[in-house]
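Visitor: Please walk me through this model, one question at a time.

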Amino acid sequence: MTATMRDEDRAVGLVWQEAILGPAAHVLIVGVSSYVSKGVPYVGSPARSARALTEWFVGEGRAGFHNPMTPLGSLAILLSEAEDGAESEVLGAPVPRATFDKLKDAVKAWRRRAEAGESAEDNLLIFFVVSHGESFGRRTAFLLEDYDTDGDNNRVGMSEVEQFVEAISALTPRAQLLVFDCCRLVTGRSIGHDQDFGTPLLAVAPRSDARQPMVLRSTALGHAAYGEDDGLTIFTEALLEAARGLAATRADNWVVDSFSLAKTVARLVGLRRKDGEALQRPGSALSVSFPITAVEPAETTTAFITLGSDHEFASVKFEERNAVGDLIRTIPGGAEGKEFLRLTFADTVARQINALDASDSLIARVQLTPHPPVIFQELPDRMSIARAARTRGVGPVRRGPADLIRVGGDLIGSRVEIVISVMQPHAGPLANGAVATLVADRTAASVEGPIVAILPTDGRETTITLFAGDYTLVVTSSSGDVHTRRFTAEPDTETRIHLELPASTSELMAHALSAGAVAADATEDARGPPVAIETEKKRRAEALAARAWIVSRTVAASSVVIQSIAGVELAAALGSPEDPLADDWITPAGGDDVPRVSVLCDLHAGPANLRHGILTIDDRRTRPFRRNAAKAEDRPFWLAAAGPDWREVAWCPTMGRAGQWMVAANNEVDPWRVEFIIDARPASGRSHVAAVVQSRRWTALLAFLARRDFVNGGAIVTAMLADGSLLEAIEGKFDNPLAAIAGALVAIGAGRLDEAKVPLQWLENLANWFPNIPDGPVLLARERRRRGKATDPEYSRALLLEAAQRGVPGFSLALDWLSEELALHAAHPDCAEPAKRFRRLALMADPTRTFTVLRVG
């Protein structure tokens, strides 16, 4: 491998190139610390981060990038580092500064290298940018050196992340890793929803078999990304630590893949907290997993110890003791100015870690058995493990109330029993509220691949029969909590594991917490009112404006529901418009022949605290989502809601009276109840409104769908496909097409329908039998293309246009897919206008909500 010094190479940032016979990795790195505009401050960490990542890629042996399947074929870097505008040197020669035109040339050259040769499909494509960034709606743009340098163009020097990802997905290589380490704070610029947020670096015609890049973002929408004063950005530091080995395990042969990289980076970044709150919350859009790099087997264990939000880290001290309780060392909590403790263990001898408060009273204690490469441990410990001699015979796996899914080889060897229970206090009991994944170490060599169990969250026990050996257990709950524990299953013993999930601090938010609509630390009811509400006069004027906006849609002021949260009035009403963005929700739909919504359904203001309120719905229709229901009165309801400075419309997934009598697989009644959560102060970038479904069987799947977690949601769907409950949701006793759509969305996203040999006819029935649901034709078109069956473009267009004619999809993922599928046909005259319309709608929607919420003002 050699650095290149040719002028033509350096002009496009190419610093390293190697002739590889076969697939190769092609990398483009962009770091922007210095800007021409005086309105953008100089920050040194982006340039340092770009350099550090470059050094890792060209590093020798397994200390750097090491991928025998796709060795490094080329690396290019653009760097705006020096404040005086001078070019920086990388590997002995200058490289271009990161202006828009220079990066556009570099992207073209990078694409040519990545798509050259017979092995282009098997190449690995990697793009990394670290810079300032801005967001608008749900879109983000990264800022280049010449940002804000043209008074006649307020989008110069910036490029939209989402458009760039879409363009890259049309390139030849199947494995694509795109990393964006930049702020996503709301822009102050005036941008239209139908305008590009910046200037495209690459515009490529979409392909029918578009790739699905793995996209990593350093922070959440609307939030900042941070860096060390004299170091790297927090995200890049975590990325490098993960790539250097913390994301690898013995079970995966010390290979870091795209999934483990994203998961470990999120855990590492999440350690950085201030006043108990995470500084950054990285996000990722998952693709099919692919290997990134291989590392040397770890000899040491790095342990990260954190405290629950009830304790101030700086005032706590920690003790490390040996297994019999002898003190090894005492460590002050605030020694490094961080809210986590980092320990390194050179052996695998069990330790005891104690946390003590300022008066030396014990806060929490945990027994740790080091296991390379990494342990994340929160105190107090929510997961307890106890062992006892087995007194009963061991037969086949007892599934109990959960389904057990095995992936891998046949079971042989010395058996043990693992008894797992999960409890979430105050929340409604969920039949499948958590997914447990057990990965065996080489000591349990007869177990190949992970074992996945679907667990209830009401404390009931699930027994799994395994083989003696070391295991890593990961439990992911519907509320978004992830708990990991390493343990040893010893011969002739029963290992009992109990996990207590965080409880809602506000009882009225318990269902919303288990549904993933709010976080445990966002359910506090003791916070003060928003500081933006300054005077009673202003408050009253804003309340009247919100009410007037609602009345303008629903005509009857008497149908408007007013709810007060922390002294602020919010207004809401239901309607059944053909177009939820229309100003009049009544007249265009069907005139006087359509019953008023107030005749069909009641909306009530439920309880509220200082942040959240609940709206309940009484839908008096018998079964609006029955087969062939095509009357105007059977159209889905939409909620219009407004506050002092926001306007939103949200799809209402009510099932009418039939929802009260839904049954579960065991023939027990499992009602499908719908309520709306109103958050007066949502996290930046998120909607104020969220529809929540209460159902023992379906709530968890809907929660995983909201997070677009196709790994754990896919595990639940696999179990439902195995017991037939998903297919029967439209063909049997369950008769719940909305649940079927939710399951199909996850199954398609996870690739499980094809694996389970579910015929396309099932999706055709879902599309054809329920003409008032736009989502069905979208799912059919998506799965046909995914299976390579979309050979008739006319039929694909017909499905998408049928969906568009029915209205806005009720599920946010279906809306995204409709926008993406229509974009593939945007050149056709029949699809040009719908493609533009649904792209705009998708950009207005909150992708973190299960059901569609459009932010209209």
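Guide: Gladly! Helices (H or I, at least four residues) and strands (E, at least two) are DSSP runs, numbered from the N terminus. This is a predicted model, where local features need pLDDT of at least 70, side-chain atom pairs count only at pLDDT 80 or more, and totals for chains, interfaces and linings use all residues. Residues are numbered from 1 along each chain as its sequence is written, and side-chain values use heavy atoms, leaving out hydrogens and water.

Visitor: Which loop holds Pro 373?

Guide: Pro 373 is joined to Pro 372 by a cis peptide bond, with omega about 5°. Its loop runs between strand E24 (362–368) and strand E25 (374–379).

Visitor: What is omega for the bond between Leu 379 and Pro 380?

Guide: Pro 380 lies in the loop between E25 and strand E26 (383–389). A cis peptide bond joins Leu 379 to Pro 380, and omega is about -10°.

Visitor: Is Asn 253 buried or exposed?

Guide: Asn 253 sits in the loop between helix H5 (234–246) and strand E14 (255–257). It is not a glycine, although its phi is positive, about 60°. Buried means under 20% relative accessible area, exposed over 50%, and partly exposed in between (1.4 Å probe, protein chains only). At 62%, Asn 253 is exposed.

Visitor: What is the relative accessibility of Asp 492?

Guide: Asp 492 also has a positive phi, near 60°, in a residue other than glycine. Its loop lies between strand E33 (482–489) and strand E34 (493–500). Asp 492 counts as exposed, with a relative accessibility of 52%.
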